[in-house]
Amino acid sequence: MTGDESNSKGLMERQTTGEDRVRMTARQLSEPRTANWVASEADWSHEPTKRVLERLVDDGILHRDESGTHTTYYPDYRRQAIQEAMRLRDSGHTVEELTDRLAEMKTQIRDWEDEFGVESPNQLRGTLADESLDADEEDHHREVAREWEHLQRRIRIVGFAIREWDFLAPTTEPAEANS
């Protein structure tokens, strides 16, 4: 388990309200999800989850897609990445520490590729069709696939924060108005 994931799970356990858990789950979405999926992840009931998701849509934090058979919600990935990169920049880490963290995450993914003989989380999920796996192994494969996707997203964000390190530096001066 990575430090980011243990922090995330720790936050989930410390959150006491369903709304907080829904907001946290929504912020971590890496692909469009239904209200039922978010409710399940947040361990909360469907209707209040849907109300929170709709408020997040109204606030511009999430987008709603009604083009499929089910309504799905997904974050504005650009906004999500910039906010996370700013958080990383402001967290007191050095660019060298983030570069080391980026290398660790990439090493972890290469280790999973070697361990399971696959090149992606979905290929790992495909191994669940193997009848020789017992229930514990199936659970392990599913968990690693989720962690793998999480790390892929983190790699993109940490890489962005490193590339834009100077631009993301906190400033106390107001932006100049265009006049």
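Read along the sequence, the protein follows the pattern α-α-β-α-α-β-β-α-α-α-α, and its secondary structure comes to eight helices and three strands, where helices (H or I, at least four residues) and strands (E, at least two) are DSSP runs numbered from the N terminus. The model is predicted, so that local features need pLDDT of at least 70 and side-chain atom pairs count only at pLDDT 80 or more, whereas totals for chains, interfaces and linings use all residues. Residues are numbered from 1 along each chain as its sequence is written, and side-chain values use heavy atoms, with hydrogens and water left out.

Of the 179 residues in the protein, 33% are buried, a class defined by under 20% relative accessible area, with exposed meaning over 50% and partly exposed in between (1.4 Å probe, protein chains only). Among the contacts (heavy atoms within 4.5 Å) with a separation of 6 or more, 59% are accounted for by residues 24 or more positions apart.

A nonpolar core is taken here as a set of buried Ala, Val, Leu, Ile, Met, Phe, Trp, Tyr and Cys residues joined through side-chain atoms within 4.5 Å. The largest such core holds 20 residues, of which Trp 112 and Leu 124 touch the most other members. Helix H5 (77-90), helix H6 (95-116) and helix H8 (135-163) each supply at least two residues of this core, and H8 gives the most, with eight residues. When neighbours within four places in sequence are left aside, Leu 124 is in contact with Phe 116, Val 118, His 141, Val 144, Ala 145 and Trp 148.

Helix H5 has 14 residues and reaches 20 Å from its first C-alpha to its last, close to the 20 Å expected at 1.5 Å a residue, the expected span being 1.5 Å times one less than the number of residues. Within H5, Gln 80, Glu 84, Ala 85, Leu 88 and Arg 89 are buried. Seen down the axis of H5, the buried residues fall within an arc of 165°, so they line one face of the helix; the arc is that of the directions from the helix axis to the C-beta atoms. The cover over these buried residues includes helix H2 (18-27), strand S3 (72-75), H6 and H8.

Arg 33 lies over the face of Trp 37, at 4.1 Å from the ring centre, the criterion being NZ of Lys or CZ of Arg within 6 Å of the ring centre and within 35 degrees of the ring normal.
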